[in-house]
Amino acid sequence: MPRIFGHAHLSSIETPLLFSLMLTLYGFIRGLRSPGWAAACGVSFGLLLAPKINAFFMIPPLLVWGQLFARRKYINTVFACLTLGPLCFVLFWPWLWHDTPVRILEYLRFHATHQQTALWFLGQKWGYGSQNAPWFYPSVMLGVTLPLGVLFLSALGIVLGVIRARRRKLPLLILLVGLTMWGVASAPSTPKYDGVRLFLPVFPCVALMAGGGAAGILALTRWSARKRGIARQEATVLACLMVFALAAEGAWGVSLVHPFVLSYFNPI
């Protein structure tokens, strides 16, 4: 994912945000069976709140998935997120240690009223005192900044995740988190500018679904090889070569535009 690679080179909040989002998701999964991991999930949620306040949108998909598939197991983890998370948010930010209520309100007011950066999209300037960019801006940017191989693998992973939902529940959790982050970014009132930066949390979910698509290709290739009498090892090598060919486009894209990686667009 060239855009992720590019943002990882900037001293900004986005890479810590993605790391803490995946850490929270992992802690939630492990916390279903371990009180210690449930507490760790609460701390990691505090780490997630520290870069951006809209991390609170992580809670609804966890609640929905937990209510559907882990009704007797998820309460401890969500409780830890809602208690330890805000506490750690304050502990991780020394500016909040004095006049805490006033400064939290000041922080919320800033995010509610700060000026939007201007954006050029579809031949028109948006934001910066004018109309907000259209709701479909995040969808368009996802479609033109993800390598085609990643788009294909993630679409395959989503289809397989939905088909296998009765037997394998975790892909649905990842899908719910990704759809929530995409939905929040697409809301008419949500600021839209800086390319993909404001909805980067969607990208790790896309990556995980693409991993599911790659696993699906491996399983399909092995099944086909067994039907044709081909050795399992040879089928595995063939599947890995196919996935590598699909993923190589992103690396090739980085090499073409480096060091201006945030200028990458796919062939679309």
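**Figure 1. Asp99 in the loop between helices H5 and H6.** In this predicted model, Asp99 lies in the loop that runs between helix H5 (75-91) and helix H6 (100-113). Asp99 is not a glycine, yet its phi is positive, at about 50°. The residue counts as exposed, because its relative accessibility is 55%.

**Figure 2. Trp95 in the loop between H5 and H6.** The loop between H5 and H6 also holds Trp95. With a relative accessible area of 31%, Trp95 is partly exposed. What does Trp95 touch, not counting residues up to four places away in sequence? Its partners are Arg103, Glu106 and Tyr107.

**Figure 3. Leu122 between the two strands.** Leu122 sits in the loop that links strand S1 (119-121) to strand S2 (124-126). Its phi is near 55°. That is a positive value in a residue other than glycine. Is Leu122 buried or exposed? Leu122 counts as exposed, since its relative accessibility is 61%.

**Figure 4. Ala70 in the loop between H4 and H5.** Ala70 lies in the loop between helix H4 (59-69) and H5. Ala70 counts as buried, because its relative accessibility is 7%. Leaving aside neighbours within four places in sequence, Ala70 is in contact with Leu32 and Trp65. The view also takes in Lys169, which is 99 residues from Ala70 along the chain. The C-alpha atoms of Ala70 and Lys169 are separated by 9.5 Å.

**Figure 5. Cysteines without a disulfide.** A disulfide is a covalent bond between the sulfur atoms of two cysteines. How many disulfides does the count give? The count comes to zero. Cys81 is in no disulfide. The nearest cysteine sulfur to Cys81 is that of Cys41, 3.6 Å away. Cys81 counts as buried, because its relative accessibility is 0%. Cys205 is in no disulfide either. For Cys205, the nearest cysteine sulfur is again that of Cys41, here 14 Å away. Cys205 has a relative accessibility of 3% and therefore counts as buried.

**Figure 6. The cis peptide bond at His258 and Pro259.** Which residues does the cis peptide bond join? It joins His258 and Pro259. Omega of this bond is about 10°. Pro259 lies in the segment after helix H11 (232-257).

**Figure 7. Val261 in the segment after H11.** Val261 has its place in the segment after H11. At 4% relative accessibility, Val261 counts as buried. Which residues are in contact with Val261, leaving aside its neighbours within four places in sequence? They are Pro2, Arg3, Phe5, Gly6 and Val254. Thr236 is 25 residues from Val261 along the chain. The C-alpha atoms of Val261 and Thr236 are separated by 32 Å.

**Figure 8. The protein chain as the setting for the close-ups.** Eleven helices and two strands make up the secondary structure counted in the protein chain. Along the sequence, the pattern reads α-α-α-α-α-α-β-β-α-α-α-α-α. The radius of gyration is 21 Å, close to the 18 Å that the globule rule gives for 268 residues, so the chain is as compact as a globular protein of that length. Taken along the principal axes, the box filled by the C-alpha atoms is roughly 70 × 50 × 30 Å. Contacts between residues at least 6 apart in sequence join residues at least 24 apart in 69% of cases.

Figure 9. Of the 268 residues in the protein chain, 42% are buried. The chain exposes about 14,800 Å². Carbon and sulfur atoms supply 69% of that area. How many positive and negative side chains does the protein chain have? There are 22 positive and 6 negative side chains. The centres of the two sets lie 19 Å apart.

Technical notes. Residues numbered from 1 in each chain as written. Predicted model: local features only at pLDDT ≥ 70, side-chain atom pairs only at ≥ 80, totals over all residues. Heavy atoms only, no water. Helix = DSSP H or I, 4+ residues; strand = E, 2+ residues; numbered from the N terminus. Buried < 20%, exposed > 50% of the residue type's maximum accessible area, 1.4 Å probe, protein only. Disulfide = S-S within 2.5 Å. Rg over C-alpha atoms; globule rule 2.2 N^0.38 Å. Contact = heavy atoms within 4.5 Å. Areas by Shrake-Rupley, 256 points an atom, 1.4 Å probe, with all protein chains shown as cover. Lys, Arg positive; Asp, Glu negative; His and termini not counted. Charge placed at Lys NZ, Arg CZ, Asp CG, Glu CD.
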